[in-house]
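Hi,

Here is the structure I promised to pass on. Have a look at it first, and my notes on what turned up follow below.

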Amino acid sequence: MMAPDTSTGGPKHALGRSCVIQEADLHSMVTRHERLARLCDLLEACADSLPIWPTDTQAEQLRLALGAFVEGEREGDASLTRIVRCGLQDPLAAALIRHVDARHTVDVVHAEDLIAALQAGPVLNGRISAETFGYMLRCFFAAGRQSMVLEEFAVLALGRDHLTASGESLLLRSLCRRAS
């Protein structure tokens, strides 16, 4: 049960514990999403350049960027749960969080597949065709962009009563950037 807190302007649990979503957690999530958006743009440019395969230097840069993404996702696995820890008793909220977590897992699997494809090289080495590689790239950046939007909408929906005005504004600005 939530009772309004007139002294700080934020909601509190009936037991008096603060239940405001921390803006530092929101900033961390939005920053992670901005890095993912740049990676998606980089991979989309690579897909648009096909059938010309990335140079060895470009492939190494892509592998490093994808590896950093994978590590960041593993470290940030519980970020949504931490952000919306208020009111997680709701079964619908729990189902939505599981869905967002599953999307993160799919993003990591796509990234790991791309790392392996970049290590294998083009079909000339008997490995992978440009068409297949392009499809893999598009799977990653399409799913990654959808994951970012879903996670931000989830925070807005699940945390609607627990966001400060500036926290809500941060999320809305981020969503508007993704829509443009």
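Helices here are DSSP runs of H or I with at least four residues, strands are runs of E with at least two, and both are numbered from the N terminus. H1 and H2 pack at an angle of about 150°, with their axes 11 Å apart. The axes are lines fitted to C-alpha atoms, for helices over the stretch in contact, and angles run from 0 to 180 degrees between N-to-C directions. H1 and H2 are therefore roughly antiparallel; the cut-offs are under 35 degrees for roughly parallel, over 145 for roughly antiparallel, 65 to 115 for roughly perpendicular, and oblique for the rest. On the H1 side, Arg32, Leu36, Leu39, Leu42, Leu43 and Cys46 meet Leu62, Ala65, Leu66, Phe69 and Glu73 of H2, where contact means heavy atoms within 4.5 Å.

Before going further, keep in mind that this is a predicted model, in which local features need pLDDT of at least 70 and side-chain atom pairs count only at pLDDT 80 or more, while totals for chains, interfaces and linings use all residues. Residues are numbered from 1 along each chain as its sequence is written, and side-chain values use heavy atoms, with hydrogens and water left out.

As for the overall layout, the protein chain has six helices and two strands, and from the N terminus on the order is β-β-α-α-α-α-α-α. Buried residues make up 40% of the 180 residues in the chain; buried is under 20% relative accessible area, exposed is over 50%, and partly exposed is in between (1.4 Å probe, protein chains only). Of the contacts with a separation of 6 or more, 73% are between residues 24 or more positions apart.

Two other helix pairs to look at: H4 and H5 pack at about 155° with their axes 9 Å apart, which makes H4 roughly antiparallel to H5. The crossing of H4 and H5 is left-handed. H1 and H6 (residues 165-179), on the other hand, pack at about 10° with axes 10 Å apart, so H1 and H6 are roughly parallel. Among the residues that meet there are Leu26, Val30 and His33 in H1 and Leu170, Leu171 and Ser174 in H6.

Next, the loop between H1 and H2. Proline 51 is found there, and the peptide bond leading from leucine 50 to proline 51 is cis, with omega near 20°. Most peptide bonds are trans.

Now the aromatics. The structure holds two aromatic pairs. A pair of Phe, Tyr or Trp rings (for Trp, the six-membered ring) needs centres within 6.5 Å; planes under 30 degrees apart are stacked, over 60 edge-to-face, and the rest tilted. Tryptophan 53 and phenylalanine 133 have ring centres 4.4 Å apart and planes at 35°, so this pair is tilted. Tryptophan 53 sits in the loop between H1 (23-49) and H2 (56-75) and phenylalanine 133 in H5 (residues 130-158), so the pair ties together parts 80 residues apart in sequence. Both of these residues, tryptophan 53 and phenylalanine 133, are buried. For phenylalanine 69 and phenylalanine 140, the centres are 5.4 Å apart and the planes at 90°, so that pair is edge-to-face. Phenylalanine 69 lies in H2 and phenylalanine 140 in H5, so parts 71 residues apart in sequence are tied together. Phenylalanine 69 and phenylalanine 140 are both buried too.

Which residues touch the most other members of the largest nonpolar core? Among its 28 residues, they are Leu43, Leu66, Leu114, Phe133, Leu137 and Phe140. H1, H2, H4 (91-120) and H5 each supply at least two residues of this core. Apart from it lies another core, of 15 residues, among them Val30, Ile97, Val100 and Leu170. A nonpolar core is a set of buried Ala, Val, Leu, Ile, Met, Phe, Trp, Tyr and Cys residues joined through side-chain atoms within 4.5 Å.

Finally, leucine 137 lies in H5 and is buried, with a relative accessible area of 1%. Leaving out residues up to four places away in sequence, leucine 137 touches Leu43, Cys46, Ala47, Leu50 and Leu114.

Cheers

Notes:
A crossing is left-handed if the near helix is turned anticlockwise from the far one by less than a right angle, and right-handed if clockwise.
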